[in-house]
Amino acid sequence: MENKEKNADDVRYELLPAPREGTIACIDGGSAFITKSASKAIALIRIYSRAIKRSRTEETITLERTGTTITVRGLLTITVPVRNEEEPFIHAVNTYRRRRELETALKLITDATEHVDLLLIDGSLDAKTIEEKTLLTNIATSCAEKGTILVGFCKSCSWNNEGQPLTSFLARRTTLPTWSVKWNGSLIAKLHAQASTPLRIDVKGNEEQTLRALSILSWASRDVATPGYPYHLSDADKFAQIPNKEATLLNTLYHARNNWDTELEQNSTMYHDVLNRI
């Protein structure tokens with residue numbers, strides 16, 4: 001590792017290793033509300049995984065608020081505290097989607113019959129619930145057994161330094177074309193010379209595995225449309241997201257097939273039946 005430099009805060013910048021081709025499996029999820037009332041909602045969850053083969057799953061979930069908690073029912077049933085009174089269902093949907101993403105990642109790596117260099121998960125490797133912590137531990141164990149490096153890739157980073165976004169703060173203090181910086185157990189890295197911004201990357205592994213992961217990520221981040229962002233995640237995001245047009249159409253079809261006056265006050269089984277027919 002050559003070409004190190006330090007800024008005034010004694011942060012050490014490391015020039016990225018040379019790009020190296022590797023096999024990458026990745027998982028991303030999308031969600032959208034189909035309809036909402038004050039106490040109930042229906043949402044669509046879409047999970048996309050890409051490895052040797054590609055797979056996409058969809059499920060409708062119902063959300064019902066009781067006091068300060070929201071019960072989410074789909075393939076799983078979970079209870080989530082209300083975090084935001086203005087948008088009470090968003091945190092619940094995100095929590096459920098994250099759980100399903102991690103379950104998909106665990107199944108993907110456990111069932112893998114061919115070697116995968118990196119398992120790339122959209123978002124950090126921070127666990128926000130006990131269930132997430134258990135899943136991430138099991139994923140890391142399975143990755144270690146398969147010789148795969150587990151990586152969390154964050155589309156955005158909320159960390160700040162001296163009142164400035166950390167990524168901008170660090171980017172202004174180096175002239176290296178590509179680089180990485182260790183920060184709070186994670187990495188902030190600029191994966192391509194033309195990248196618009198550095199990104200937060202979590203790597204579960206030792207120093208050698210971290211360098212290998214950065215080398216493969218750098219190789220995967222050369223797409224001219226999104227330099228500095230792995231093409232595999234761009235592809236996963238495209239197939240996982242639920243565009244507003246699609247959500248609006250589902251909302252229209254839902255109410256066309258259902259009695260508008262009943263809204264969301266009927267048995268939750270009805271919601272699944274209606275969405276499944278659509």
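This is a predicted model: local features need pLDDT of at least 70, side-chain atom pairs count only at pLDDT 80 or more; totals for chains, interfaces and linings use all residues.
Tyrosine 48 has a relative accessibility of 3%, so this residue counts as buried.

**Aromatic pairs**

A search of the whole structure finds three aromatic pairs. Two of them are described here, starting with tyrosine 13 and tryptophan 179, which form an edge-to-face pair with 5.2 Å from centre to centre and 75° between the planes. This pair links distant parts of the chain: tyrosine 13 belongs to strand S2 (residues 12–15) and tryptophan 179 to strand S12 (residues 179–183), 166 residues apart. Tyrosine 13 is buried, with a relative accessibility of 0%, and tryptophan 179 is buried at 1%.

Now back to tyrosine 48. Its ring and that of phenylalanine 239 have centres 5.3 Å apart, and the pair counts as stacked because the planes meet at 20°. Here too, distant parts of the chain are linked: tyrosine 48 sits in strand S4 (residues 40–50), phenylalanine 239 sits in helix H5 (residues 231–240), and 191 residues separate them.

**Charges over rings**

Lysine 36 lies over the face of phenylalanine 33, and arginine 173 lies over the face of phenylalanine 169. The table gives the distances.

| Charged residue | Ring | Distance from the ring centre |
|---|---|---|
| Lysine 36 | Phenylalanine 33 | 4.6 Å |
| Arginine 173 | Phenylalanine 169 | 3.7 Å |

Terms used:
Residues are numbered from 1 along each chain as its sequence is written. Side-chain values use heavy atoms; hydrogens and water are left out. Rings of Phe, Tyr and Trp (its six-membered ring) pair if their centres lie within 6.5 Å; planes under 30 degrees apart count as stacked, over 60 as edge-to-face and the rest as tilted. Helices (H or I, at least four residues) and strands (E, at least two) are DSSP runs, numbered from the N terminus. Buried means under 20% relative accessible area, exposed over 50%, partly exposed in between (1.4 Å probe, protein chains only). A charge sits over a ring if NZ of Lys or CZ of Arg is within 6 Å of the ring centre and within 35 degrees of the ring normal.
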